[in-house]
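I want to look up a pocket, a helix pair and the salt bridges.

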Amino acid sequence: EHPAFAGRLVSSDRMWDFVGNDSVPQEVYVDSNSKGYGHGTSVAGIVAQVAPNVKIMPLRVLGPDGAGDTDAVIAAINWAVDHGANVINLSLGTKYLATLDSEIDWATWKGVLMVSSAGNTGDTKVTFPASSSAYQDDWGDLTIGVGSTNLNDVKSSFSTYGDVEMTAIGENVVTPAPGNRVAKWSGTSMAAPMVAGGFALALSERWYPRESLLSLGKTMSSTADNIDKLNAKNLKGRLGAGRLNLERFLQTALYLPK
């Protein structure tokens, strides 16, 4: 019921809470261990700000502590595809799982763009499914792994790096919070919806056939700003194509073949 989402959500029959097993994917606060409280609201709020004309489909897969079951993630991806999602944002990470990998392959085969956060360990241990993005062929350009930078295009100290396709701003992002408030969040979880929102913005401006979605994924990477010179030498070539340039991406994407 946050005012930032007024008129912005899909109908109630297209939402689901895979943790509470009901049709109200609501934030839940239990106690001081509820580290994930507000995370979903924040992520959805970033997409809402980047792409103001899109509908958001809330699907809850993580509990108040920020943990969840991979089966719920798989079920949510399946639900999203079956209920008409065009872009799926996964601000979460785990170890490699073949069942989840297969589900993502199926979703991209169906023409859904997938965006994943790289993780917040500050090393090169990119979490799955972001870590899979650079290794998939054919439909791999529909999956984007995202790291985080600050406003100066410097890699965030917490951001995992290496096997990512690009970065986006993920520090001190002001976004909706539970209780009709706003809050600042930092993490690759905030960088991923910047990219997911960028895809959604392009899709809200024009229709793309399935074949052009491959070009859309490539365009997102090719229009990014290379920030290697602004970062430590050991990071050269390990920040993907660079930092999201939303304006350049949109200008290019609107002229892709119909």
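Pocket first: on a 1 Å grid over the protein atoms alone, a pocket is an open set of points where a 1.4 Å probe fits, with protein on both sides within 12 Å along at least five of seven lines, and lining residues have an atom within 4 Å of a point. I'm working on a predicted model, where local features need pLDDT of at least 70 and side-chain atom pairs pLDDT 80 or more, while totals for chains, interfaces and linings use all residues. Numbering runs from 1 along each chain as its sequence is written, and side-chain values use heavy atoms, with hydrogens and water left out.

I looked up the second largest pocket and got about 200 Å³, the volume being the space filled by probe spheres set on grid points joined across faces, edges and corners. Its lining includes Lys 110, Arg 206, Trp 207, Tyr 208 and Arg 210. By class I get 6 nonpolar, 2 polar and 3 charged lining residues (Ala, Val, Leu, Ile, Met, Phe, Trp, Tyr, Cys and Pro are nonpolar; Asp, Glu, Lys and Arg charged; the others, Gly among them, polar).

Next, salt bridges (a Lys or Arg side-chain nitrogen within 4 Å of an Asp or Glu carboxyl oxygen): I count 4. One of them joins Asp 17 and Arg 60, at 2.8 Å from N to O. Asp 17 sits in strand β1 (residues 16–17) and Arg 60 in strand β2 (residues 59–60), 43 residues apart; strands are DSSP E runs of at least two residues, helices H or I runs of at least four, both numbered from the N terminus.

Last, α4 (residues 188–205) against α6 (residues 246–253): Phe 199 and Leu 201 are among the α4 residues meeting α6, where Phe 249 and Leu 250 are among the partners (contact is heavy atoms within 4.5 Å). I note 7 nonpolar, 1 polar and 1 charged residues in that contact.
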